[in-house]
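Visitor: I have a structure to go through with you. Could we begin with the packing and then turn to the chain contacts?

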Amino acid sequence: MKSSICLRMMEVNQKGIIKTVGGHGEMGRRIRDMGLVPGVEVQVVGRAPLYDPVALRLRDFTLTLRNNEADYVFVEIDDETN
Amino acid sequence: MKQTDQKITIALTGNPNSGKTTLFNTLTGSRQHVGNYPGITVEKKEGLVESAGYVLHFVDLPGTYSLTAYSQEELVARNFMVRENPDLVVDVVNAASLERNLYLAVQILELGAPLVLVLNMMDEVRKKGMTLDTGLLEQRMGCRVVETVARQGKGKKELIDTIISLNSRKEDFKSPLEISYGPDLDPALKEMEDIIRENAFLTDIYPARWVALKYLESDEEIISEGRRKSPDTSTRLEDVTNKVADHCLKTLKTYPEAVIADYRYGFISSLLKDVVTRDQQRQRIEMSDQLDKFLTHRLLGPLFMIFVLYMVYSLTFLVGDIPLSLIEDFFGWMGEVVRRTMPDGLLQSLVASGIIDGVGAVLSFVPLLMIIFFCIAFLEDSGYMARVAYMLDRVFRYFGLHGCSIMPFIVSGGIAGGCAVPGIMAARTLRSPKEKLATVLTAPFMTCGAKLPIFLLLAGVFFPANQALALFLITLLAWASALLVSKLLRATIIRGAATPFVMELPPYRLPTLQGLLIHTWERTWQYIKKAGTIILAISILIWAAMTFPQLPDNGFSDEEIQGVIAERDFRGLNTAPGFPANTDDITLEEEQIELVLAERQLAHSYAGRMGTFLEPVTSWAGFDWRINISLVGGFAAKEVIISTLGTAYSLEAGEEDDPTSLSDHIRQDPDWDTKRAVSLIIFVLLYAPCFVAVVAIARESGAWRWAVFAMVFNTVFAFGFSTAVYQTLKLFI
């Protein structure tokens, strides 16, 4: 069973495949420029001490974004493995 | 032109953290900073390499992830590639994360720039158990690919040879890359391309398809350039764009720019198919991840961060104290030698009081600064600084700043000993003009290296047992002021929404000793150069202001002597009853007359008059005219504050006196007490930035009114704060 959730809701260590990336203008551009596009696998690797920003693993590197930026990204997760 | 002096201009571009700057250093031997923090290279750096009868002129462009027009760096990079027509564009990519790095390379190819791809960090690729088929990549990209390990200088020769061999075959590069953007965008692109070609719309500068793409991506820079060029054509293109955007929103629920990014990444995936093969994955990044579990842990992370910052202090003061006193002694000795050997008069006074004391006071802090710079370089190059930004972002956002504001703040002196000038420059990384402006305006509150001497001096005299603690508290005060003022500014005159934080966390890397030394030396040299030029000039200027106009007559009448003695008695300088009683006391009395006379001379000078003029107001904060002179001098450069105080006291002491150190003077002078010291520390910390920083503010904010604002606002703020603290302390002490 697969379901789609907002990146903000993901737990640390949870994995998923990006389904959609909303947002346009600068916000959308920055997110996409860094490689957050549909089809990419992401894993939440940590959260900052105040729970925000969030650190993400993409295939070959780690990046961080704020929760309100993560709101634009929807991720498909496998309910059984998580 | 003979082939022997043929020049090849090469633009060096790449993502932040791709090792571009390291490669630039390896190639040109240039003294330039190498950092792990995204976007550390904000200035245009150039370097020359001579090889095989060619002169290779490298231009190190700012590190960027993309070629949009959202930040100054991207614009600089894009405009250089398009307008300066470099012979070649070398894109340095981190081969260990090819996919994301090629996003920039593909855009360069679309721009039709003559690209050479450098796959850097090949050692990391191997360590991660990946293999790359460079030949296949070369074939698919249609450009030359060179493998390097910039840290070890590997591949340098191959790159230079490739550049030289490609230079003679420039015609190979003419056609820009065309990617298919799918059934929704391709027809529109075609239609726009036709309009663009028909009207020769910007085609003298950019490829037609690229302009069409930029319209679809709503690139404000290109659209406004287009409107200036031909409003009619631009309107036609905008109409097509709007139509496509509507269509995308209705049928795909997305934006053309999102479709473009998706297809670009799709194109990159197809490029990389069979190029990248992975065995056991991510060994190295996992090491970094393990470290992050501790270093960015909710509780341990911040604790460790505070520990690191405090260690930088302790190290600086423990180790730096030894060379510091040696250098101080040396300049004290030099001043003494000059006073002994040169004949009395203006020239001797100029050399001893103007030059040696002034510059000596500044140079004596070089060892401290070197240690601090070394520590900062280590934090930056290791990748830890990016984690600091990550951990602090939530806090900074609260104050209307950005996680990346940490960098300008720290360079400005957030870790005591920076300099606001490079700090303000480092704010160029910030993408939002508003957060950047707030950062630029508040970064000068930090404890820069030039303010440190006065803090060290006063802490040494008034808090000898708690020097490190005092400096730590001063730095905390600087941070509190910067953050609160920033929040105030962002809520009033620079209001606006926050910008995206999206930032890479580079893997931890052990900095190379050479990189650290280059960095340390570069910053220290900047400081010394400043001491040697501006500060020497200011020091002489201030000496002149304190020496001229001379008292009308250097001799003085009996009446005047009586007046001087009366003044001295009134001031309580002589406490011996029945004075003068013997010849020793008479000599002493003569010396004291000299002393008071020198003081009167200073009060008579231009500087003294100005200081006296300001005294009625500054006395609210506990400052006398002598401090006023030095604070006025501090507008020019903060180092001048201490050297002026030094000059003032050595002039006052009279030339025959043994030069005792400024701290001894302050310790013995009854006018100096703790509340004055605290008030002065606060004022020096917060008042107007030095004029070099003011110029930098004007440049980075793009407006002189912000520079003027910084000078006026900061001084008023500082004075209000100092006065409040002084008056409060007065009630208790």
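Guide: This is a predicted model. Its largest nonpolar core holds 98 residues, and those touching the most other members are Y384(B), F409(B), L458(B) and L631(B).

Visitor: Which helix gives the largest share of this core?

Guide: Helix 16 of chain B, residues 384–398, contributes nine residues, the largest share.

Visitor: And what does Y384(B) touch, leaving out residues up to four places away in sequence?

Guide: Its partners on that count are L295(B), G301(B), F304(B), M305(B), V308(B), L379(B), M391(B) and Y508(B). Another core, of 92 residues, lies apart from the largest one; L98(B), A105(B), A188(B) and Y206(B) are among its members.

Visitor: Now the interface. How many residues of chain B and chain A are in contact?

Guide: On chain B there are 47, in contact with 37 of chain A. The area buried between the two chains is about 3900 Å², and carbon and sulfur atoms give 54% of that.

Visitor: How many salt bridges cross between them?

Guide: The rule finds nine across the interface of chain B and chain A. In one salt bridge, the side chain of R394(B) meets that of D52(A) at 3.7 Å, N to O.

Visitor: Which elements of chain B supply at least two residues each to the side that touches chain A?

Guide: They are helix 3 (98–110), helix 11 (256–272), helix 12 (283–295), helix 16 and strand 9 (503–505).

Visitor: How do the residues on that side divide by type?

Guide: On the side of chain B that touches chain A, 21 are nonpolar, nine polar and 17 charged.

How values were computed: Residues are numbered from 1 along each chain as its sequence is written. Chains are lettered from A and ligands numbered from 1 in the order in which they are written. This is a predicted model: local features need pLDDT of at least 70, side-chain atom pairs count only at pLDDT 80 or more; totals for chains, interfaces and linings use all residues. Side-chain values use heavy atoms; hydrogens and water are left out. A nonpolar core is a set of buried Ala, Val, Leu, Ile, Met, Phe, Trp, Tyr and Cys residues joined through side-chain atoms within 4.5 Å. Buried means under 20% relative accessible area, exposed over 50%, partly exposed in between (1.4 Å probe, protein chains only). Helices (H or I, at least four residues) and strands (E, at least two) are DSSP runs, numbered from the N terminus. Contact means heavy atoms within 4.5 Å. Buried area is the accessible area (1.4 Å probe) that two parts lose on being put together, summed over both. A salt bridge is a side-chain nitrogen of Lys or Arg within 4 Å of a carboxyl oxygen of Asp or Glu. Ala, Val, Leu, Ile, Met, Phe, Trp, Tyr, Cys and Pro count as nonpolar, Asp, Glu, Lys and Arg as charged, and the others, Gly among them, as polar.
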